[in-house]
2 protein chains.
Amino acid sequence: MTDRITLAHGSGGKAMQKLIEEMFIKYFSNATLVQQEDQARLPLSLFNITGETLAYSTDSFVVDPIFFPGGDIGKLAVYGTANDVAMSGAKPLFLSSAFILEEGLLLSDLEKIVASMAKAASEADIKIVTGDTKVVPKGAADKLFINTSGLGAIPTQIHWGADKIQAGDKIIVSGTLGDHGATILNLREDLGLEGQLTSDCQHLYPLVEALLPISGVRCLRDATRGGVNAVMHEFMSSSGCGFELDEDALPLTPAVRGICELLGLDAINFANEGKLVAIVAEQDAEQALQAMKQTAGGKEAAIIGYANTANQITIKNPFGGSRWLDLPNSEPMPRIC
Amino acid sequence: MTDRITLAHGSGGKAMQKLIEEMFIKYFSNATLVQQEDQARLPLSLFNITGETLAYSTDSFVVDPIFFPGGDIGKLAVYGTANDVAMSGAKPLFLSSAFILEEGLLLSDLEKIVASMAKAASEADIKIVTGDTKVVPKGAADKLFINTSGLGAIPTQIHWGADKIQAGDKIIVSGTLGDHGATILNLREDLGLEGQLTSDCQHLYPLVEALLPISGVRCLRDATRGGVNAVMHEFMSSSGCGFELDEDALPLTPAVRGICELLGLDAINFANEGKLVAIVAEQDAEQALQAMKQTAGGKEAAIIGYANTANQITIKNPFGGSRWLDLPNSEPMPRIC
């Protein structure tokens, strides 16, 4: 049974110390983490602070299955939290990472996930500086859950926020919608579309960096659970503005369009893990769109609508009709992220 | 079923928004959290920085049962992470809090736990500034797991670390040992000692603050999973020093002493949730001990041994004998915290 996680791996003794050293320290190694104090010690000079405000966020990840085309729970845990930090304008710099492991989890699966986290973090120049490991008995959790929290510093001149949105502003999405949600749905419902669907799980800071110089940017948000629709409702609640979307303008891959037609679902409610919604003043919208299109991860960016003074969200169909976009009580699927 | 958590509560739609507003925002309310951005925005001025280094830590909490004498999983989640931050000398200021909820969890249980977190945070002047909620289907987790991460700023003049320990330094514990571990063990094994055992779950920063002015303090660590024994082994590994402990000097309540004799276990391996180990230069040890004794949570502080040049940890018994203290491969119990 040495190829599987045992309760001893979480109990504060030798077995846990060995797991920490041979798995987490080995893959995540950096000067802060190897000190193995109970807390990371981060000199403010490491933040390259040009501003005086930190961005701080957390997410837990419980996605099922833990491996999927385009990613795994580890890559998701790194970029999911990094993206939440980045939406403030901050470059994500430091992450914490805490594992809840089910007794019996294959050590080889854990190692694949930890290696994937290390690769994702390294590619985004993010350091995992503190962590925690818990093990629960078989049946008390499903395989593994990962929590990450993250830190960055917001540049002085950036004050983005949903409360800044004004009527007339344009809505830009950074690429095709619903890829992550459709990928997980296909695996879980066995729809047989493997090979055509890939999660969009990716780091969004490069797109944020491209938008930093554009003064008309009001706010950004990554469209995860609940999709673009949930973001529009959050923006309506914070700004008091309504929004009109153009169904024809929504960028969708043929496979996602297919899965939606097959199941009668709406891609605008599907989760993304590498797409952001930007609200930009009308006069700067084209510049923002071009900046995104010239950045990796933003080639298929599109203007999909605009803010107005109505207190509702509507979507125009290609035949000239229009319908209200309600926020569903829930998404069709649990454990999407 | 509206009195229980459903999958809809975690799916990014209306039900989740309602839970966030009526539970988390209601109890944790503060100016940062109510903005409901995807990240907390923390001006550095809020850190009251006298130093230039942040302390940053995380822990997940999976304790079973979720309610116990002296606390619950929520109080544990607040003070557990706050204490890890505090051991650096930093006052814990901000926490993130992320919930993984099992479908079917009673909303009344969740509310009790959230209220307990709010009370614990408020009493320690800590703000919960960002969070996350996930729901997994019944059977994919056991009731609820909570992750917290925490931030504070380390005062300029403080540079504590296990690598500073020198032979001759004294080992001080802040009070009776093993209370949390014995309390959970009693509940789980139905030993019938209710009424005599209470978890020591508490905020340790007041003790830390009392130690800040004492120049001979080398390092602090809270003795959680693995107990004081695990801390001594970590200190040995970081400092190269060995330690000799005096069994007669270990502060134990009669109930913990009884449970150890009953089961043939060693309280030095039991988890604490409100006790720290301080290593202090010999000439300042008495001053440190008195400072702790005069602070709430430190009345039963005791010097329990000293550092030496041997590369081993030994414990002297009252009859003059001495034995090696090995680090067990694992603690007797999973899900202690």
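## Helix packing in chain A

A crossing is called right-handed if the near helix is turned clockwise from the far one by less than a right angle, and left-handed if the turn is anticlockwise. In this predicted model, helices α1(A) and α3(A) cross in the right-handed sense.

Helix α1 covers residues 14–28 of chain A and helix α3 covers residues 107–123 of chain A; their axes come within 8 Å and cross at roughly 25°. Angles under 35 degrees count as roughly parallel, so α1(A) is roughly parallel to α3(A).

## Residues between the two helices

On the α1(A) side, the contact is made by Leu19(A), Met23(A), Phe24(A), Lys26(A), Tyr27(A) and Phe28(A). On the α3(A) side, the residues are Leu107(A), Leu110(A), Glu111(A), Val114(A), Ala115(A), Met117(A) and Ala118(A).

By class, the residues of this contact between α1(A) and α3(A) are 11 nonpolar, no polar and 2 charged.

## Interface of chains A and B

Chain B has 75 residues in contact with 75 residues of chain A. The area buried between chain B and chain A is about 5,800 Å², and carbon and sulfur atoms give 55% of that area. Of the area that chain B buries against chain A, 14% is supplied by Asp38(B), Tyr56(B) and Arg225(B), more than by any other three residues.

## Salt bridges across the interface

There are 6 salt bridges across the interface of chain B and chain A. A salt bridge joins the side chains of Arg221(B) and Glu37(A), with an N to O distance of 2.8 Å.

Methods
Residues are numbered from 1 along each chain as its sequence is written. Chains are lettered from A and ligands numbered from 1 in the order in which they are written. This is a predicted model: local features need pLDDT of at least 70, side-chain atom pairs count only at pLDDT 80 or more; totals for chains, interfaces and linings use all residues. Side-chain values use heavy atoms; hydrogens and water are left out. Axes are lines fitted to C-alpha atoms, for helices over the stretch in contact, and angles run from 0 to 180 degrees between N-to-C directions. Helices (H or I, at least four residues) and strands (E, at least two) are DSSP runs, numbered from the N terminus. Angles under 35 degrees count as roughly parallel, over 145 as roughly antiparallel, 65 to 115 as roughly perpendicular and the rest as oblique. Contact means heavy atoms within 4.5 Å. Ala, Val, Leu, Ile, Met, Phe, Trp, Tyr, Cys and Pro count as nonpolar, Asp, Glu, Lys and Arg as charged, and the others, Gly among them, as polar. Buried area is the accessible area (1.4 Å probe) that two parts lose on being put together, summed over both. A salt bridge is a side-chain nitrogen of Lys or Arg within 4 Å of a carboxyl oxygen of Asp or Glu.
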